[in-house]
Amino acid sequence: MLFKLTHLSLGLMILNRSYAQSVRDKYTVQIPESERLALEGIVEDDPGDQMSIMKDWESPEYPLIYRNPLPIPPVLEPKLKITNPVTGKEIWYYEMEIKPFTQAVYPTLRPARLVGYNGISPGPTVMVPRGTESVIRFINNADKENSVHLHGSPSRAPFDGWADDLTFPGEYKDYYFPNNQAARFLWYHDHAVHITAENANFGQAGAYLITDSAEDALGLPSGYGEFDIPLVLASKYYNEDGTLQSVLGEEQSSWGDVIHVNGQPWPFLNVQPRKYRLRFLNAALSRNFALYFVKSSAQNTRIPFQVIATDAGLTTHPVQTSDLYVSVAERYEIVFDFSGFAGQTLELKNFPQANGIGTDDDYEHTDKVMRFVVSSDPVQDDSRVPEVLRAPTAPLETNSPASTGIDHHFRFHRHNSEWRINDVGFADEKNRILAKVPRGKIEIWELENGSGGWTHPIHVHLVDFKVLERYGSESTRGVMPYEAAGLKDVVWLGRHETVLVEAHYAPWDGVYMFHCHNLIHEDHDMMAAFNVTQLSNWGYNETDFSDPEDPRFSARPYNRADLTGRAGPFTEQAIEETVRDLALLQPYSQLEEVEELLEEAWRENPNQKRDERCEQPAAGPIPRYRRFVV
Ligand SMILES: [Cu+2]
């Protein structure tokens with residue numbers, strides 16, 4: 001029997017290896033010579049035996065599983081609506097104060113001290129119509145520095161949450177966002193260098209929804225908090241006394257043994273027997289989820305549902321599935337039909353170690369997420385899930401990739417107990433720009449996790465990508481059908497998995513991060529950058545926001561009395577002036593023109609090659625202010 005099994009898995013490995021080869025044969029590998037040499041020189045740590053023994057609790061035992069209702073984060077109203085002096089359209093101005101608060105998680109223990117946006121976690125939900133720009137003033141009234149990233153938004157570099165662009169306690173920073181994308185579930189969260197995991201763990205994450213009329217017209221289940229429910233997943237550890245465990249000093253992963261949805265451990269939601277739109281966001285530090293639904297009375301029978309959206313908004317069509325992988329930072333939206341379950345209870349569950357794709361530590365109750373209690377009274381449900389949800393957008397619209405070459409290969413690995421990308425960490429300032437992409441170019445990046453000891457969810461800022469291929473010596477799952485039906489900004493590299501992603505590097509030039517979204521890995525130090533470089537001779541002058549540390553947009557100090565008394569920079573007049581001054585710099589008002597010109601340049605020269613000048617390393621030190629512009 002043992003012989004047979006070994007024989008079988010050996011056969012599988014050989015089969016997978018030849019599949020990997022056939023995938024790679026479809027593409028020419030045209031990675032830069034310096035990158036090839038760097039890859040050859042990598043020495044990797046041996047992961048050893050990472051399979052852990054399942055434990056019951058590391059936190060105090062939580063006594064109220066499925067006993068507390070699901071909280072819904074409140075929608076934040078804009079404080080002011082200001083007319084953009086360039087476009088004449090409204091800019092919605094919001095404020096969020098990052099401050100401590102307490103949450104009684106355990107009924108008989110001490111409350112946990114958290115730090116969140118406006119003193120709640122998840123933070124308030126921002127909901128903004130497509131085409132309305134927003135400015136959010138994030139005010140640091142906490143005890144640690146922060147940086148805010150609006151995940152999934154093509155924000156200009158100084159507003160993208162660059163890890164070194166810090167706002168310290170007693171400072172505030174105004175972030176300017178375009179909201180030009182089709183309806184989509186973005187999220188805002190901390191991105192401060194080395195303490196992102198700690199800040200996120202203690203509460204700094206929230207939902208940000210762009211809405212649009214095209215989506216509204218589809219007739220999907222709607223009504224925020226009513227039939228359209230955000231489900232922000234997290235997984236944490238608590239101390240003996242009921243306070244939240246810090247993750248400072250943790251350098252491997254923080255799996256957590258207490259599963260939270262919208263800040264509440266293992267909640268329940270009362271639902272009607274009808275269709276609901278459920279928006280999943282995995283906001284955990286390290287834990288990946290493989291979700292499925294069952295009836296409480298039939299735990300072995302998974303119930304199918306329809307995936308309708310990915311990280312980048314609606315999929316082209318609904319994709320039916322009965323399980324859903326959601327690695328850290330991924331968003332998937334589904335429509336679940338409770339109409340056949342009147343008077344019953346359903347459970348949302350989680351496969352241990354994602355069916356062998358993950359390496360997450362499991363505990364007695366990490367296979368549970370939440371419960372749905374379906375009322376017995378029949379209701380009228382006019383919502384529907386159309387067979388076509390949207391037209392495909394680039395680079396999804398082509399059946400074959402526009403570029404046949406692999407432009408970069410990035411290996412996510414561990415060396416000397418440090419997490420690295422092609423042997424570089426974010427602290428390596430001289431070498432951390434790993435790609436220089438001419439603006440508008442379509443590139444294919446090959447993202448590799450050679451290890452069986454750990455996995456990495458990879459996030460590329462600025463762009464949406466198409467997941468072209470997934471392969472690996474022990475991987476058979478390929479690209480999941482729901483991954484293939486939409487664009488993504490995070491992709492999960494499971495055990496021994498390599499993934500090819502294709503993206504259009506637009507619309508802005510500038511320096512942006514890409515990194516592992518296991519926040520412990522990101523902090524220590526699996527993060528690097530890419531520079532979308534200005535196109536020469538494209539006959540167009542536009543505003544420059546390419547430097548993520550541009551001091552024009554850095555955080556500023558404030559007086560507490562000014563904030564509470566609405567004086568100084570917090571008067572209506574001062575805010576209006578600040579927002580108008582920002583708008584006059586035109587971070588986004590040229591967007592449509594820029595996109596048209598990029599499309600035109602692309603049509604005229606579809607085989608645009610990498611700009612050879614980008615291969616040259618910079619000569620000598622680059623002056624501080626211009627240091628990111630090559
Ligand atoms: Cu990682």
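View 1. T125 touches P73, P74, V75, L76, A207, L209 and Y224, leaving aside residues up to four places away in sequence; a contact here means heavy atoms within 4.5 Å. This is a predicted model, in which local features need pLDDT of at least 70 and side-chain atom pairs count only at pLDDT 80 or more, while totals for chains, interfaces and linings use all residues. Residues are numbered from 1 along each chain as its sequence is written, and side-chain values use heavy atoms, with hydrogens and water left out. T125 sits in strand β5 (residues 123–129). Helices (H or I, at least four residues) and strands (E, at least two) are DSSP runs, numbered from the N terminus. With a relative accessible area of 1%, T125 is buried; buried means under 20% relative accessible area, exposed over 50%, and partly exposed in between (1.4 Å probe, protein chains only).

**View 2. I72 in the loop between α2 and β2.** Here we look at I72, placed in the loop between α2 (33–40) and β2. I72 is partly exposed, at 29% relative accessible area. Not counting residues up to four places away in sequence, I72 touches Y224, G225, I229 and N262. The C-alpha atoms of I72 and V261 are 9.6 Å apart, although the two residues are separated by 189 residues along the chain.

**View 3. L39 in helix α2.** L39 belongs to helix α2 and is buried, with a relative accessible area of 11%. Its contacts are I31, H409, R411 and N422, again without residues up to four places away in sequence. L39 and R411 are 372 residues apart along the chain, yet 7.6 Å separates their C-alpha atoms.

**View 4. The copper site.** Three protein donors surround this legend's theme: H456 (ND1), C516 (SG) and H521 (ND1) lie 2.0 Å from the copper ion. Donors are N, O and S atoms within 2.8 Å of the metal (3.2 Å for Na, K and Ca); water is not among the atoms, so sites may look incomplete. Along the chain the donors of the copper ion follow the spacing H-x59-C-x4-H. Distant parts of the chain are linked by the pair H456, in strand β28 (residues 456–460), and H521, in helix α6 (residues 519–523), which are 65 residues apart. H456 is buried, at 0% relative accessible area, and H521 counts as buried too, at 1%.

View 5. The buried residues of α8 are A574, I575, V579, L582 and A583. They pack against β2 (80–83), β3 (90–103), β6 (133–140) and β8 (171–177). After α8 comes Q586, with a positive phi near 55 degrees.

**View 6. The largest cavity.** The largest cavity has a volume of about 170 Å³. Of the 17 residues that line this cavity, the closest to its centre are S121, A200, A234, K236 and A283. On a 1 Å grid over the protein atoms alone, a cavity is a set of points where a 1.4 Å probe fits but cannot get out, and a pocket is an open set with protein on both sides within 12 Å along at least five of seven lines; lining residues have an atom within 4 Å of a point. Grid points are joined across faces, edges and corners, and a volume is the space filled by probe spheres set on the points. β11 (228–236) and α3 (196–201) each supply at least two lining residues, and β11 gives the largest share, 5 residues. The lining has 9 nonpolar, 7 polar and 1 charged residues. Ala, Val, Leu, Ile, Met, Phe, Trp, Tyr, Cys and Pro count as nonpolar, Asp, Glu, Lys and Arg as charged, and the others, Gly among them, as polar.

**View 7. The largest pocket.** About 1200 Å³ of space lies in the largest pocket. Among its 36 lining residues, R130, N180, Q181, L591 and E595 are the closest to its centre. α9 (591–604) contributes the largest share of the lining, 6 residues. By class, the lining of the largest pocket divides into 16 nonpolar, 8 polar and 12 charged residues.
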